Amino acid sequence: MTETFVVIGGDAAGMSAASKAKRENPDLDIVVFEKGEWVSYAACGMPYYVKGEIDELEDLVQVTAEEFREERDIDLRTGHEVVGIDPEARTVRVEGDGEAFDQPYDQLLIATGAHAVKPPFDGIDLDGVFTIHDMDHADAIQDYVTEENPQTAAIVGGGYVGIEMAEALDERGLEVHMYEMLPHVLQPFGESVATVVEDHLREQGIHLHLDTAVQGFTGDGAVDGVALEAETVPADIVVVGVGVAPNTALAEDAGIEVGETGAIATDAYGRTNFDRIYAAGDCAEAHNVVTDAPDHVPLALTANRAGRAIGQSVTGTPTEVGGMAGTAIVKAFDIGAARTGLTDEEQARDAGFDPVSVEIQASSRAHYYPGAEELTVMLMADRPSGQVLGASIVGREGVKRIDTVATALHGGMTVEDVENLDLAYAPPFSPVWDPVATAARVLSGKVE
């Protein structure tokens, strides 16, 4: 009999798994349930849609629902929500099209993603207060800016989403205020990156309110201000971007284990504690190659890669989902910031390392070549072993060099290994000593 592979969730991990499984075994019945209407979309592009650099919201869709159904022969059912899992009976309970039914499965993937954290602020439900985590959110913000013509914007949270939305709304002509309760923006990137980004944001006219806790929002029907401890600052639109949390309720109700990170616990193959049930994407833990421990860093590549591996596993070729180092990059107006691995010495000590780090400034190109820009590179290693632990880079160009360090982390390389890498050189692209190699050379003198 033909087996059935059921997927819960129609975005990165879910559709990658479904597509790979169908390619590996065209006879496999694949049913995907997605409670919304959008599938396989580039969430990372949403701020640039609001900014106006992406003309149509549909441009962010990688593969349409129709293409999955007609060209890839996948039974994709949008507007269908899975409300229960019975691991013993191997069925899922589904609600959609005005009916409820049980769908049997032979293999199951939970790819329910994550949701934007919505703090219990007063006024959080006022018109004009948004989160931005899916396509409908992006569309709603775009419509509000176009139709209501707000003049002032408040961004709550100085992470990836906050930085990108500050740029987007500034481009739309709004006066932008950013509120961050911590001393710096981009906390996972480290202080050296954060201070450069903060100075640049101020140069662009963004009003930064650091070490500032938001108490709530004011307004009669629609938002008109942000309430702080000592004052209320006017705001005609608010975007709350304080992080995401994994969607695990469905799994927990079925007895599927959740790890210490709060995401679904999985092994190296994405398997949960129940036979034939996998989990991947923003709802699941991943293995951190630096700490050698489970971690939850919801990023697009991690989700796509894990989904693809599971799609291969369910067709008979067990494939590990792979580790991650938390590598990330963000654009802040004219500069970029990137990070990978461990960038905080306290976190490194908590993970069992004796961290030592250096911070250098280096040119992105040969110093005499036109267009050379200063890069700030922070590189961290374990003092006794010399193992590279992480890095952060910030500057106007060349921050994609973070991939060199990410590669070193996945390979378990030492500072000496990185210092001696044969990296490409030509004046338009790099100095003779690449900035990452320079940082490694300086750090070599501090490790044992």
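**Reading the fold of a 448-residue chain**

Me: Among contacts with a separation of 6 or more, what share joins residues 24 or more positions apart?
Reply: A contact means heavy atoms within 4.5 Å. In this chain, residues 24 or more positions apart account for 62% of the contacts with a separation of 6 or more. This is a predicted model, in which local features need pLDDT of at least 70 and side-chain atom pairs count only at pLDDT 80 or more, while totals for chains, interfaces and linings use all residues. Residues are numbered from 1 along each chain as its sequence is written, and side-chain values use heavy atoms, with hydrogens and water left out.

Me: How many helices and strands does the chain have?
Reply: Helices (H or I, at least four residues) and strands (E, at least two) are DSSP runs, numbered from the N terminus. This chain has 12 helices and 25 strands.

Me: Which radius of gyration does the chain have, beside that of a compact globule?
Reply: The radius of gyration is taken over C-alpha atoms, and the globule rule is 2.2 Å times the number of residues to the power 0.38. For 448 residues the rule gives a value near 22 Å, and the chain, at 23 Å, agrees with it.

Me: Is helix H12 largely enclosed or open?
Reply: A residue is buried under 20% relative accessible area, exposed over 50%, and partly exposed in between (1.4 Å probe, protein chains only). In H12, 7 of the 10 residues are buried, so the helix is largely enclosed by the rest of the structure. Those buried residues include Pro435, Val436 and Leu443, and their cover includes strand S23 (355–363), strand S24 (374–382) and helix H10 (402–410).

Me: Which residues touch the most other members of the largest nonpolar core?
Reply: A nonpolar core is a set of buried Ala, Val, Leu, Ile, Met, Phe, Trp, Tyr and Cys residues joined through side-chain atoms within 4.5 Å. In the largest one, of 43 residues, they are Ile141, Ile163, Met165, Leu169 and Val197. A second, separate core of 32 residues includes Leu342 and Ala440.
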